[in-house]
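Thanks for coming. I will go through one model today, starting with its helices and ending with its charged pairs. Please look at the display first.

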Amino acid sequence: MSEPIKDPDRANLRLVSSPESEVYDLMRKPESTAERVKRLQAEARALALEQVEALEQTLIKAANMAREIAEGGDAYPVGAREIASRLSEDLPSKAETIKHIVHRAST
C-alpha cells in the first residue's frame, strides 16, 4: 500500500500535457537547440502558471485574514481595521481576475 504524500511541495505538482513536455529519454540522440528551446519554454510556462495560481491562493487567504481583522472589533487599531476592510473587499476581485487570466492563457 502506498503512503500519502507528506511533502506539501509535491502535493501541488501538476501534469503538463503538452507535446513539448515529456520525460527525457537518456537513450535517444541529443536534442537540437531548437527542440531544447521549445522544451525549456514549455517548462517555463508551466512554472509561471503555477506561481500565478499560488498568488491567487495567497490573495484569497489574505482577503480572509483581512476580513477577520476588519470584523475583530476594538482589539485591533481603527486604522488597521479600516485598511483590512478595504483589502477584504478588493482582494477577492483581484484573485478572480487572475483566475480568469490564467484560464484564458491556458486554453
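A word on terms: helices (H or I, at least four residues) and strands (E, at least two) are DSSP runs, numbered from the N terminus. What you see is a predicted model, where local features need pLDDT of at least 70 and side-chain atom pairs count only at pLDDT 80 or more, while totals for chains, interfaces and linings use all residues. Residues are numbered from 1 along each chain as its sequence is written, and side-chain values use heavy atoms, with hydrogens and water left out.

The protein has 3 helices and 0 strands, and its pattern along the sequence is α-α-α.

Confidence next. pLDDT is the predictor's confidence in each residue, from 0 to 100. Its mean over the protein is 84, with 77% of the residues at 70 or more. Where pLDDT is low, the predicted coordinates should not be read in detail.

Now the packing. Two packed helices are described by the angle between their axes and the distance between the axes. The axes here are lines fitted to C-alpha atoms, for helices over the stretch in contact, and angles run from 0 to 180 degrees between N-to-C directions. Helix 2, residues 33-70, packs against helix 3, residues 78-106, at about 155°, and the axes are 8 Å apart. Helix 2 is therefore roughly antiparallel to helix 3; angles under 35 degrees count as roughly parallel, over 145 as roughly antiparallel, 65 to 115 as roughly perpendicular and the rest as oblique. The crossing of these two helices is left-handed, meaning that the near helix is turned anticlockwise from the far one by less than a right angle.

Which classes of residue make up the contact of helix 2 with helix 3? There are 18 nonpolar, 2 polar and 6 charged residues. Ala, Val, Leu, Ile, Met, Phe, Trp, Tyr, Cys and Pro count as nonpolar, Asp, Glu, Lys and Arg as charged, and the others, Gly among them, as polar.

L55 is partly exposed, at 42% relative accessible area. The scale is: buried under 20%, exposed over 50%, partly exposed in between, with a 1.4 Å probe and protein chains only. Buried residues make up 15% of the 107 in the protein.

Last, the charged pairs. A salt bridge is a side-chain nitrogen of Lys or Arg within 4 Å of a carboxyl oxygen of Asp or Glu. The structure holds 4 of them. E82 and R86 form one, at 3.4 Å from N to O. Both lie in helix 3, 4 residues apart, about one turn of the helix. E82 is partly exposed at 40%, and R86 is partly exposed at 49%. Elsewhere, shared partners join E31, R39 and E43 into one salt-bridge network. R39 bridges to E31 with the closest N and O atoms 2.9 Å apart, and to E43 at 3.0 Å. R39 is buried, at 18%, whereas E43 is partly exposed, at 36%.
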